[in-house]
Amino acid sequence: MTNITPAPAPKPWILGIAPYTPGRSTTDDGRIVIKLSSNENPLGTSPAAKAAFDAADRTLERYPDAGAVELREALAAHYDLDPARVIYGTGSDEILHLVAGAYAGPGDEIIHVRYGFAVYEIATRRVGAEPVIVDDRDYATDVDAILAAVTERTRVVFVANPNNPTGTFTPRAEIARLHAGLPKSVLLVLDQAYAEYLSPEEDDAGLALAMTEANVLVTRTFSKIHGLAAERIGWGYACAPIIDAMHRIRAPFNVTTAGQAAAVAAIGDTAFVDATRAHNDTWRGWFVEQIGQMGNAGLRAVPSKANFVLVLFEGKLTADAAYHGLMDAGYIVRWLPGQGPAQRAAHHDRHRRGNARRHRGAAQPGRSRLMLPFARVTIIGLGLIGSSVARAVQAKMPTVRVTGYDADATVRETADRLQFCDDVADSAGAAVIDADLVILCVPVGIMGEVAAEFAAELPADAIVSDVGSCKAEIVRALTEALPNATVIPAHPVAGTERSGPEAGFATLFRHRWCIVTPPEGADPVAVERVSEFWRRLGAQVETMAPEHHDRVLAVTSHLPHLIAYTIVGTAGDLEEVTQSEVIKYSAGGFRDFTRIAASDPTMWRDIFLNNREAVLEMLQRFSEDLSHLQRAIRWGDGDALFDLFTRTRAIRRSIVEQGQDDDVQDFGRTHG
């Protein structure tokens, strides 16, 4: 077998990107059905554009016109623009990337709304800048929130109008107010991919601003109303210096010959555009009316000006059920839990529960400017550890989106109320759909079972980790349940005797060890990403083999718990000592044992059963040492006792010196 050396490591900010997830084209069982998940034109393509595409020069050995002269001139003539100030790209997506590349980098910030186009965050992280995500106002752009988030580091503001994926529209006066409130050094990008669906009186005057203002860029696309999605043609308009900067990093020959010809023809086919707009107005209105009639079932349509409608599922019917029900009926809609407002699906969207939780937009004093290892984290199991991870992410990495799930509906309701997750999913599959890190915080004995629940929905590039205390068995269970996934287990050595979502707190992992236990042959980049995640939560990170971890923890954690359970159980069973006396006269040592013995019974049952070999080995050694101590007491061997107590005292001092406990009486715990 060939040994492959580790691959070169990418820039750390690249690893923080969650890849764009396109709309699905097939069902879970592989059927090709009616696709509504990418907002494509239901009327197809402009006949004139199709004819021009078919008639285009087919000399494939020739590069296309690098300057897209005919396309720029056609756009200029149609919109009364200066052709020299038109830029063109592979869809408007490329232009958004060019903006970030030309105007931002490490240490800079780019602002966009929480429910904005996914490419904004990708373009931002791609250049090493930091996305600053601001709250919405009823799923629409909140101008005041954007302006409040501007700092001296702000370089670009992305605003989609109409917005994708919510369909909401920001009127002209608000766009003007936003522009007026921005520093001249900040570039306002108005993404108008759906602008042609507006009536003339609804124009937000973005192009007019771009004609006269030095810090406004408008982008548009031929993919939607013109029906040229397959050719990926976008364009933008701004002042000459902005266009010049973007041309310097634009890929050459980026729009095909046939695509340019089709786009030129599409511009002139106003009848097709008008027919598409009228068709959209009719059926969007009908769809909204139908949803309105289902209001008593908890469905609500957000007002839309685009060719899709965001539907909120606020009752018993979940968007998860609607999404799969429509799929069974032969329709694929869009479901975006990673951006999840309330439960939602639609004509366009997908589902998770939860609302916009916390304002991440305003610059936070002292926050890290280093790029984050993950952008979207899913936590499955919302007890003490899971809820603490979520709270720590909120505190340490406020731009990371956290989705939570727990099999217990009561726990999900509590998590939703306590708001330590951005979204709370109703199923494991829904929770992981767009995650780039999934952390299992469930009992060791059901790790594989839970992983199997979400295996079908897990993104191919996601990393799966956990917080369990028995690593060899977890590696086996997870790799068996997820044979194609990247599995990087971890064990934060932290906890309390309390359990449940209310027990979690953000500082649980501060200055504690987290042991990362990658299986043999694991991707070193994935290992480093998981390690960096725990460092961000305040933990000290060590890496070791799963089997070695289990032997170490059998000594330092598992055996002490077993002894504590035994001693407390023995005290409770003594016939000559009443339970009230045990409680009343508890000395510090016994109180400490009771604290340990109060730990979660399910968790520790699974730990002992899944790490049985290492625990039994250490228990045997402990039994032998205990017999030696018993003989020393029986025969009055004070030297042996003194030697043992001296050595154990030195170990205690080392623990305190390394910051793993406090050097105060009663084992670092106070009692009122």
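A: Let's start with the pairing: strand β20 (residues 513–516) and β21 run in the parallel sense, joined by four bridges (strands pair if DSSP finds at least two bridges between them; strands are DSSP runs of E, at least two residues, and helices are runs of H or I, at least four, both numbered from the N terminus). W513 has Q540 in β21 as its bridge partner. A caveat before going on: this is a predicted model, where local features need pLDDT of at least 70 and side-chain atom pairs count only at pLDDT 80 or more, while totals for chains, interfaces and linings use all residues. Residues are numbered from 1 along each chain as its sequence is written, and side-chain values use heavy atoms, with hydrogens and water left out.

Back to the sheet: three strands make it up, open and mixed in pairing, in the order β19-β20-β21. β19 (490–492) and β21 (540–543) are the edges, each with a single partner strand, so one side of each has no neighbour in the sheet. From one strand to the next, the twist averages 20 degrees (axes are lines fitted to C-alpha atoms, for helices over the stretch in contact, and angles run from 0 to 180 degrees between N-to-C directions).

Now the helices. The axes of α15 (residues 447–454) and α16 (residues 471–481) come within 8 Å and cross at roughly 25 degrees. That makes α15 roughly parallel to α16 (angles under 35 degrees count as roughly parallel, over 145 as roughly antiparallel, 65 to 115 as roughly perpendicular and the rest as oblique).
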